[in-house]
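Please examine the model below while reading the explanation that follows. The account begins with a single residue and then turns to the chain around it.

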Amino acid sequence: MRRALRTLSAARFTLAIVVALGWPVEAFAHHSTAYFSKDLKDVVKIEGRVVRFEWRSPHSELFVETQGANGEQVVWRFDTTPAAWLAREGWTKDSLHSGDPVTVEGFPLVGQPYAWLGKVTKQDGTKLVPQRSTGTPAGWKP
Amino acid sequence: MKTALVVVLAAGLLLVSTRLTAQSVALSSAIPNLAGIWHRKGPLNGKPNAPMAPTNRALGYEKAFDNPLSPTYDCVQIPIPAVMNDDYDFQITQQPDRVIIRYEKMDVVRTIWLEGHGHSKPGAYDYTIEGHSIGRYDGARLVVETTKFTPDSRGFNSNRFIPATAMKKVTETYWREGDVLKMQTVSVDPLVLKEPFRWDYEYSVRKEELTPYDCDPEDSRFGAQFHKSIYPPDK
């Protein structure tokens, strides 16, 4: 109990600092990402091909086709930060193209082929990582 | 005699014209150069902004507000000062009778009508999301006063649902210190704010063009279907 209280106090303290400094970590509260799992045990790793990449806001979206557990084709949707934020991290609207083989890690809405994007690894080893946001679990290291 | 009269008139016209030109040059040189694309740097002079002080009725509204009701999901642009306090950049263009501010956030474009140019005033029913902005140069500063806002659930901050009424008034001041653009904003709305809400920030020069926001209502609202309502389900 005491440990839980200590954790809560630390969390409140961190939040107070974040609010005081006006860091953009609050961003997205208006576009909630609360339904994506923040538990690192739930992180999904999908290997497949890009169906399409939508360079837009408030979320850019990556659709990846992969094979499901029973051999069926499944299209995963990964939401990520707005185009302007991706641009700051070096992404462009041409970073990903239809048909590109990719490995994508993300934080799912458990039970759905829908996740918040953590990292994309292209076939040549190039890694694309979006800016951290409220959709990113605290302990995530891309 | 006629020739002499023409010469005198021509000389007079030339004199008036020269004076007008000189005056125009003097005026334009007195106007601060705020034009450019500006990138968020941090709170003004490094001093964090104080949090908003909503009234109890505004806090009650926020508590009752169910997130999926937000018009942001449908790409409805948010009003100032919420446009400024989200993590995006903007561009200022100065024209003789107006200033245009284009924001990366939601592709918002505002026109600030400069005083002294005979711009028409808004009518009784002329409320808009970004309101009606009137500006003036006060020395090296641009001062903008905006009223006539449509009431909005996202009145002051894109991350909260503190509503703004049609009585909201926002005063902005912009000035330059070298390559840094400084901005002060003061929002008042007596029914929802106990004291003026200040959002002061500074910006550095950005060389890259703004990234289009390009909101798509269908995609934007997609995730909202998974957001649990704070209310019990309807039967």
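In this predicted model, B:T128 is found in the loop that runs between β4 (109-114) and β5 (132-138) of chain B. Is this residue buried or exposed? B:T128 counts as exposed because it has 12 C-beta neighbours inside 10 Å, and a residue with 12 or fewer is placed in that class. When residues up to four places away in sequence are left aside, B:T128 touches B:K148 and B:T150. The C-alpha atoms of B:T128 and B:P151 are 8.8 Å apart in space, although 23 residues separate the two in sequence.

Let us now consider the whole chain. Chain B contains three helices and 10 strands, which follow one another along the sequence in the pattern α-β-α-β-β-β-β-β-β-β-β-β-α. It has 235 residues, of which 31% count as buried. Among the contacts in chain B with a separation of 6 or more, 59% are between residues 24 or more positions apart.

Strand β3 (residues 98-103) of chain B deserves attention.

Strand β2 (residues 90-95) of chain B pairs with β3(B) in the antiparallel sense over six bridges, and B:Q95 stands opposite B:R98. These two strands form a hairpin with two residues between them. β4(B) also pairs with β3(B) in the antiparallel sense, over five bridges, with B:T111 opposite B:I100. The hairpin of β3(B) and β4(B) has five residues between the strands, and B:M106 in its turn has a positive phi of about 60°.

Notes: Residues are numbered from 1 along each chain as its sequence is written. Chains are lettered from A and ligands numbered from 1 in the order in which they are written. This is a predicted model: local features need pLDDT of at least 70, side-chain atom pairs count only at pLDDT 80 or more; totals for chains, interfaces and linings use all residues. Helices (H or I, at least four residues) and strands (E, at least two) are DSSP runs, numbered from the N terminus. A residue is buried if 20 or more other C-beta atoms lie within 10 Å of its own, exposed if 12 or fewer, and partly exposed in between; C-beta atoms are placed from the backbone. Two residues are in contact if their C-beta atoms, placed from the backbone, lie within 7 Å. Two strands pair if DSSP finds at least two bridges between them.
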